[in-house]
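Visitor: I would like to learn how to read a structure like this one. Could we go through it together, feature by feature?

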There are 2 protein chains.
Amino acid sequence: VLYSIVRPNNYQDSLRLMRLSNTLAASDGVGRVSVMMGTPMNKDILRNAGMATDDLDEATAADVLIFADVVDEDAGRFLVAAVDRFLSEQASPPTSTKMPIVRSLDHALAVLEDANLAIVSVPGDYAAAEARRLLERDINVFLFSDNVSVGDEVALKKLAGDRGLLIMGPDCGTACIHGVPLGFANAVAEGNIGLVGASGTGLQEVMVQIDRLRGGVSHAIGLGGRDLTAAVGGLAGFQVLHALDEDARTDVIVLISKPPGPEVRARLLRLAAGLSKPVVAMLLGEPSRHDVGNVHGARTLDDAARIAVELAGTHPRRLTPPRPDQRAIKALYTGGTFAAEAASLITESLGPVVSAAHGDGYLLRAGGHEVIDLGDDVYTRGRPHPMIDPSVRNDRLAAAIADPQTAAVVLDVVLGYGAHPDPAGVLAPVVDQGLAALRGAGRNVAVVASVCGTERDPQVLSVQTATLEQAGVEVMPSNAAAVRHALSILNRRPAPVGDRHAAAGPIGRLLSQRPRIINVGLREFADVLVERDVPVVQYDWRPVAGGDRRMQQLLDALGS
Amino acid sequence: VLYSIVRPNNYQDSLRLMRLSNTLAASDGVGRVSVMMGTPMNKDILRNAGMATDDLDEATAADVLIFADVVDEDAGRFLVAAVDRFLSEQASPPTSTKMPIVRSLDHALAVLEDANLAIVSVPGDYAAAEARRLLERDINVFLFSDNVSVGDEVALKKLAGDRGLLIMGPDCGTACIHGVPLGFANAVAEGNIGLVGASGTGLQEVMVQIDRLRGGVSHAIGLGGRDLTAAVGGLAGFQVLHALDEDARTDVIVLISKPPGPEVRARLLRLAAGLSKPVVAMLLGEPSRHDVGNVHGARTLDDAARIAVELAGTHPRRLTPPRPDQRAIKALYTGGTFAAEAASLITESLGPVVSAAHGDGYLLRAGGHEVIDLGDDVYTRGRPHPMIDPSVRNDRLAAAIADPQTAAVVLDVVLGYGAHPDPAGVLAPVVDQGLAALRGAGRNVAVVASVCGTERDPQVLSVQTATLEQAGVEVMPSNAAAVRHALSILNRRPAPVGDRHAAAGPIGRLLSQRPRIINVGLREFADVLVERDVPVVQYDWRPVAGGDRRMQQLLDALGS
């Protein structure tokens, strides 16, 4: 028996419809099930599937349509009861003092009057109008909805630009503003890497890989997949690059895009090259990796994350450029191959400035830079290897930290069987005291290390890492990453001075504090905000005018 | 007051001397302390430091010398008592049924008669003679000792080669044979990547980074830092490359070296290119990365680990090459950018064979290869995004696994807020049933995935990974790694047939089972073996002939 059930004026979002569909399909005696809103497109689909009924013709986009094959009348009655139970449960959602639920934008703003960001996930046909209404109230918009026309996107982005506001999307899958996840977003550590991307999963992958490499994210800002095409011309992308360059929490910027339009690409890279902060550019489909000035090319998403962490480090604190006289890297190794790798990377990066000088355990000694292998035979004759007795490094380490020429000290800490039971514990007090003395003199030096070891090693990777970090050491995920991070410190530039209008505008304010949010649509996006104590009001949107789109447009025109 | 104490015929290794020195230096009333064996070099050092006494001139290399500044006679008496207490404790070490302690090689072989590997960490002056004695008894040698002459090294390696034995070292810091750590070694997962290197910390770093990327190690074989120089000519290196190519546990070989001699380098790469297994070559100081046939160049140690894991996968099981008709990669994505990244990497790797065909969510469709973005608008109109409802992929996934053309299926699993609460749980039964059906037909397909998420995501990275792995999915650490792993499957070659002499020889036997070990020297190296239930006998070596080196050499000459 084919059952058709229409429940008028009972708008449900696509997630809830999916849940209802799954519930019904799992019931005894129920075969094929279709559950959808009565939009013109859905009505066409049902007609083409031979499910035309009188009810169908009259249904509006605010009506729920359910069609199901059932084995008998009993199953049919059970089906109708299940539908009505589900819809009545949805009509009286659990309320919470933490998340008020309202039915209009005016009401939402009355409850949370200083709201500065809205998440919009209403159906595409209605999304542009909702977004416009929000921008006109000076609220930044995260527009999750898809199926919004390019024309609407350009108009919305121009409006946002004129008012100094940010609109992320349409079809913006993910973002993270000041540690607050929006849409599809992963739980990652906060830090000093700012991401901007015309790509949802691209942003997610780079955030996740940064987290695995022990880096952290300041903001991740989605643009929508079309922002960097010729049609939209990067209206949001250019805004965001400027905003991240001026953002106090961001030290390194990562730009992720599917292939941008050639004209947009050229403008983007020109802008990136003029920024004060290093930019990692991951432009998909451009296989060759190039570094041009402060713009670092990446070949893959995981590659972009690695380069960003190498530039930004793993500490979520503001980096300061070295003083002009701090021009040297002092690398003190217990492992000979680590020393050789460091000498090779430094020589490659600094080029003919540096020429390697061997002997006495030095792998490199030029221009103030020093790379020493303390495991060299000259240091181990008649005494234990420095992996067994790391204290042989202490005096040189204290001197390197104190040397006014030093910009960065690089160390290895080798764990494992046979090695010292607590090599980090031997280094930590020397670093701690050295840095304290510098602070007293108003100076600073970066002490960078990598730990060669695993969680199952007797010394335990995470324990050794924590000991080092407490002493002020920046711990990078590999020796190559530690050396490249030290090199990036030499290249740090002072922040721009002068024109600060953007930082003072609405986008600057959005990035400088935790957002206060109106969630328009899918309730799931609000749940995570409540969990994290983000101020949020749930606006249970439904189509007005019974879902009649022309009537809605007329109302929109009258309202504005 | 300067105290000098000599304790004749009381050999202590450098670790124990360091411990004694630390104990004494921490005592009240004791200033500067020197503790060393009475070797000619140490005696010179003491004389130059103005500590010449009559005792010193007469001391032999088997005598312990202690010089210390103490504040008064009381402190001096306390010092002497502390020295004697320490030495008497060392003379009667705790014995254990798991680790018999013996005083001669004959005795060691009587206790563990089928021993096939010795760890030698005696002082350099005596090391070559001990190693030779062991090789002559057909025992492979891990020679930790340094300060062994090049002449001795060449002679030992020629002797080993003639007898089909392996000698790792001298100055071999680390190794791992069949999961058993030797020397300075980290606790890493077992797997199918075999390492060979003329570099201790280089091997350690690559092992650690492989472990962090969820790969595993079959063996890690150190050669000693000079093996690949012109003087030694890679005598051990060439042996080991052949042995790993024939080893059943090894699928991918990583070769690590500080810059080898140019002639050795050319021979090495020629040999590597002729092996049946892919080789990752990390030659320090060669900044450009090239792939030539099955030899993959790496720029840094962490880069070498990444490439090895991409080639080998993360499952510690034997890889089989695809059948000739299995020539296609089917990549089914919920994330659009992942699909774009995959299409880009596949096109780059397979070149003009593949030309991208867009439309209908296909990012690539050519030569049997398919990359589909199931989040494309054509699939999401009127229904949830596949990150919310991953079941939209199930039918295509089942078909891709069943397709006889398929060599590898590539998937993304996206975690985070907003995403499905258990995406791996939706995929797992489809993969499980698909692979079971293939096994029934004597076939197989690689199903490769990456999980975009963190441990703090609601779905929990490690939980989702475990669900996938139980279903037979190979989980790689990033999407780029998953795609490259799928590409490496297309390039797998059958194992060599024919000449198998090496596998049947002593090295083949060494690699095919857990070693049985004689530890000659530093007791610490035996402790970890006991912990891991490796059969081991501790040979508490000390210099014979009262430490007189000429007398020792005479005895050696008479003995052989």
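Visitor: In which helix of chain A is Glu531(A) found?

Guide: Glu531(A) is in helix 20 (residues 524-531) of chain A. Helices (H or I, at least four residues) and strands (E, at least two) are DSSP runs, numbered from the N terminus. Before going on, note that this is a predicted model, where local features need pLDDT of at least 70, side-chain atom pairs count only at pLDDT 80 or more, and totals for chains, interfaces and linings use all residues. Residues are numbered from 1 along each chain as its sequence is written, chains are lettered from A and ligands numbered from 1 in the order in which they are written, and side-chain values use heavy atoms, with hydrogens and water left out.

Visitor: Does Glu531(A) count as buried or exposed?

Guide: Buried means under 20% relative accessible area, exposed over 50%, and partly exposed in between (1.4 Å probe, protein chains only). Glu531(A) has 62% relative accessibility, so the residue counts as exposed.

Visitor: What share of chain A counts as buried?

Guide: Of its 560 residues, 59% count as buried. Chain A holds 21 helices and 23 strands, and its C-alpha atoms fill a box of roughly 95 × 55 × 45 Å along the principal axes.

Visitor: Now the interface. How many residues of chain A are in contact with chain B?

Guide: Contact means heavy atoms within 4.5 Å. Here 75 residues of chain A are in contact with 76 residues of chain B.

Visitor: And what area is buried between chain A and chain B?

Guide: The size of an interface is often given as the accessible area lost when the parts come together. Buried area is that loss (1.4 Å probe), summed over both parts. Between chain A and chain B the value is about 6100 Å², with 56% given by carbon and sulfur atoms. Phe184(A), Thr337(A) and Tyr417(A) supply 13% of the area that chain A buries against chain B, more than any other three residues.

Visitor: How many salt bridges does the rule find across the interface of chain A and chain B?

Guide: A salt bridge is a side-chain nitrogen of Lys or Arg within 4 Å of a carboxyl oxygen of Asp or Glu. Four are found across this interface. One of the salt bridges in the model joins the side chains of Asp211(B) and Arg456(A), at 2.8 Å from N to O. Helix 8 (residues 200-212) of chain A gives the most to the side of chain A that touches chain B, with nine residues.

Visitor: Which residue forms a salt bridge with Glu130(B)?

Guide: The partner is Arg133(B), and the closest N and O atoms are 2.9 Å apart. Glu130(B) counts as buried at 5% relative accessibility, whereas Arg133(B) counts as partly exposed at 28%.

Visitor: How far apart in sequence are the parts that Glu469(B) and Arg214(B) tie together?

Guide: Glu469(B) and Arg214(B) form a salt bridge, with the closest N and O atoms 2.8 Å apart. Glu469(B) lies in helix 16 (residues 461-470) of chain B and Arg214(B) in the loop between helix 8 (200-212) and strand 11 (217-222) of chain B, so the pair ties together parts 255 residues apart in sequence.

Methods. Buried area = accessible area lost by both parts, 1.4 Å probe.
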